[in-house]
Structure formats: C-alpha cells, structure tokens
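Visitor: I am new to this structure and would like to learn how to read its features. Please take me through a few of them.

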Amino acid sequence: MSVSIDITGLTPERVHVVPSPLAELGMALHALSEPGHHPGLQGWATAVSTRLDPCLADRMCEADFLWRTTFSDVFAPFAGIPGKTTLPGATLAEELDLLDKLTDQQFVDAALEFTCQLAYDTQRATDPLNDPETRRHALELAAARGDHQVRFTQRLLDDPPAVRAWFRQLMEDCDEAFFADTWSRVSHQLAADARHKTDLLRRKGLGEALNAISGAVTLDEAARRITIDKMAVGHTRTGEGGLVLVPTSLGWPHLMVLHRFGWQSSITYPVNSPGLAAPASVEQLTRRMAALSHPVRMRLCRHLARGSYTTGELADAHGMTAPEISRHLSVLKKAELITTRRRGRYVQHQLDLGVVSRLGSEFIEGVLR
C-alpha cells in the first residue's frame, strides 16, 4: 500500500519547501482534539485547553471532524488555486485569503472529505451542491458520524458562503486565542528546516531532499515517481504544476499527501525530532505482525527472549524437528525479529528485544502516518 506521485516533466524550479501557517493551525487543532496521537505535545495541549474560552471551545467542537478524523484540504487552499503553482502564504491572513479564492464546489468537496472520500484522486461527475442523490448520500454518511456532523453538512450544502465565513472567523479567533503565540515559537524552526531542505534540493537533488524528509518517502528517478509508504492507496501527477513540501512542527507521526484530483500535489511532513527512529515500512510492519501471529513462533520468541539458542536446542525444547524449527526461525529472521551469530560450528539465535519493544509504537505510527 502506498500513495504515488507521477512527477514526469517536473523541473527542480517547480519544487518548493514552504511552511504553511494554516496547515500548522490545522495540526494544532488536531493535536488538541487527539492528544493521544501526539504524546510529545500533551503538555502544550493541556496548557492551551485549560485557558480556552468555553464559547470558542464549543465552536471548535462544531467542526472538529475537519481535523480530528481527517486532515481536510481546507487547510491547504494554495493547492486548489488554478494553475497548480501557488505557494502557501507567509501569514495566516494570506492563507485565509487563498481559501476565499476557492470555488464553493472546491470548499464543499474539501469540507465533506470526512464523509465523501470516494474518488478523492479521480474526477467526479457528481456535484453535492446541485445533484440531489449526491447530497442525500453525503447527509446519510454524515448521520453515521453524529448529529452535529449532520447539522454542519446541512448548513454547508444549504449556504456554502455562510459556512466559509464562519470557518474563517473561527480560524482567526483560534489564532488570537492561542495559535499566534504557538506560530511565533515554531515558525523559526520550520523556516530553518525549509532552508535546509531547499539547499539539499538545489545541491543534491530531489531524491536527497525527500530522503531527508522521511524514510517513508522515496524517489524512483527512472520511473519519475515519488512513493509515500502509507496504509492507503492513491495516485496523482504533478503535470504542469508544482510540488510543495510543507514542514510541520506539530504533526509527528502524521505524514500527509495531498493528492486530490485537480489540485497541486503536496506532502506535509513532520520536522525530525531528536531520538526518533527511522519509520518502519508498511511492508516491514506487516511482515512482523504476521510472523508473530503463529502460536509456535510466539513460543519460540518466549524462549529466545531469555537467551541464545541453537536450532537443535529449540527443537528439543519444543518437541519438534530441526527442519520445522528452521522454517519458523526463517520467518522470524525475515521479519528482522531475531539476530543470529555463529560460535564455532554452532549458530545461535536470539530475540531482538529492541525491535520487539518498538512494535507497538511502530504499529501506531504506521496506522496514523
């Protein structure tokens, strides 16, 4: 599973690394609504939440599904501007002005992402503002999420301009209440990271810049394709447009790819934090989980967690033949769950406790990436 971006014809001059105040505000709102996703931000989230005005907190709850369960593209309006070459604004006000430039159809599509994610990266023939069946389906899907989602969807479909004005005011009030202070602290780090990635891009090429962003992002130079390792499937192409790389200080472990049909391609990546291990690939994580799903291999892991053992010793201990044990050890070894070392004519195996101890966090990061 992965999301790919066809970059055929993309020139280096059309690749930009630019921080986005509105995207960072979206990340801040997400961290406030889902602190469990961001253990490193819980102190910040608690401090902000305790001083929030109750009325503002209630208004935030009215549309929190735009940033709680998904990352709505309303937080990346630059990507929806015709020509697919617009960059994020330098200030939140500039980005909200870009949001005002989107058509009602674009805004509604992006805001309905929490219910209507089908055909996200392909052209749709239906229009929820004018097609009764699509409208009915959107309301039906919203009903499964709760009453306030239904009310928001109804308002959105009945009067998009009013909801757009309401959303802009909400973002401005969030900025005044807490985000302006947060942005003043993180913007310098994001600007420094953007300069570093831009320097890599100019001196060593796109592949090096993408590798510095995340081990989950790779470039196939020959195929002119960027692949982002995620538990999702999607495809887009830059075409005549550009590619925007957006650093976020609040986003780890999320790595997001904007691949909406007709919009500019964009990757929002978390700025590296000290001590974070390279992310496990989805394939690697799947292999490890599958390796541990067999009861015999689970029992072998219990044995190998306590010391180094040969295949013969494990066969005797578990009442199995050496070839049977070897087959199970081979699966564990391919999953990189055990280490092997030779002592004279004996080969000993042992569980890699460091890898096993990271499985829980790797699984969480994988599903949230």
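**Salt bridges along helices**

Guide: Asp199 and Arg203 sit four residues apart in helix H8 (residues 160–204), about one turn of the helix. Helices (H or I, at least four residues) and strands (E, at least two) are DSSP runs, numbered from the N terminus. This is a predicted model, in which local features need pLDDT of at least 70 and side-chain atom pairs count only at pLDDT 80 or more, while totals for chains, interfaces and linings use all residues. Residues are numbered from 1 along each chain as its sequence is written, and side-chain values use heavy atoms, with hydrogens and water left out.

Visitor: What does Asp199 form with Arg203?

Guide: A salt bridge, with the closest N and O atoms 2.7 Å apart. The term stands for a side-chain nitrogen of Lys or Arg within 4 Å of a carboxyl oxygen of Asp or Glu. As for the spacing, an α-helix has 3.6 residues a turn, so residues three or four places apart point the same way.

Visitor: How many salt bridges does the structure hold?

Guide: It holds 18. One of them links Glu133 to Arg136 at 2.6 Å, N to O. Both residues lie in helix H6 (residues 132–143), three residues apart. Arg136 also meets Glu140 in a salt bridge, at 2.9 Å, and these two are four residues apart in H6, about one helical turn. Glu133, with a relative accessible area of 46%, is partly exposed; so are Arg136 at 38% and Glu140 at 45%.

Visitor: Which residues of helix H2 are buried?

Guide: In H2 (residues 42–50), Trp44, Ala45 and Val48 are buried. They cover an arc of only 95° around the axis, so they lie on the same side of H2. The arc is that of the directions from the helix axis to the C-beta atoms. On the face turned away from the buried side, H2 carries the exposed residues Gly43 and Thr50.

Visitor: What covers the buried residues of H2?

Guide: The cover includes helix H1 (21–33) and H8. Thr182 is found in H8 and counts as buried, at 1% relative accessibility. Leaving aside residues up to four places away in sequence, Thr182 touches Trp44 and Leu250; contact means heavy atoms within 4.5 Å.

Visitor: How are two packed helices described?

Guide: By the angle between their axes and the distance between the axes. Here, helix H11 (residues 295–304) packs against helix H13 (residues 322–334) at about 80°, with the axes 10 Å apart. H11 is therefore roughly perpendicular to H13. Axes are lines fitted to C-alpha atoms, for helices over the stretch in contact, and angles run from 0 to 180 degrees between N-to-C directions. Angles under 35 degrees count as roughly parallel, over 145 as roughly antiparallel, 65 to 115 as roughly perpendicular and the rest as oblique.

Visitor: Which residues make the contact of H11 and H13?

Guide: From H11 come Val296, Arg297, Leu300, Cys301 and Leu304, and from H13 Ile325, His328, Leu329, Val331 and Leu332.

How values were computed:
Buried < 20%, exposed > 50% of the residue type's maximum accessible area, 1.4 Å probe, protein only.
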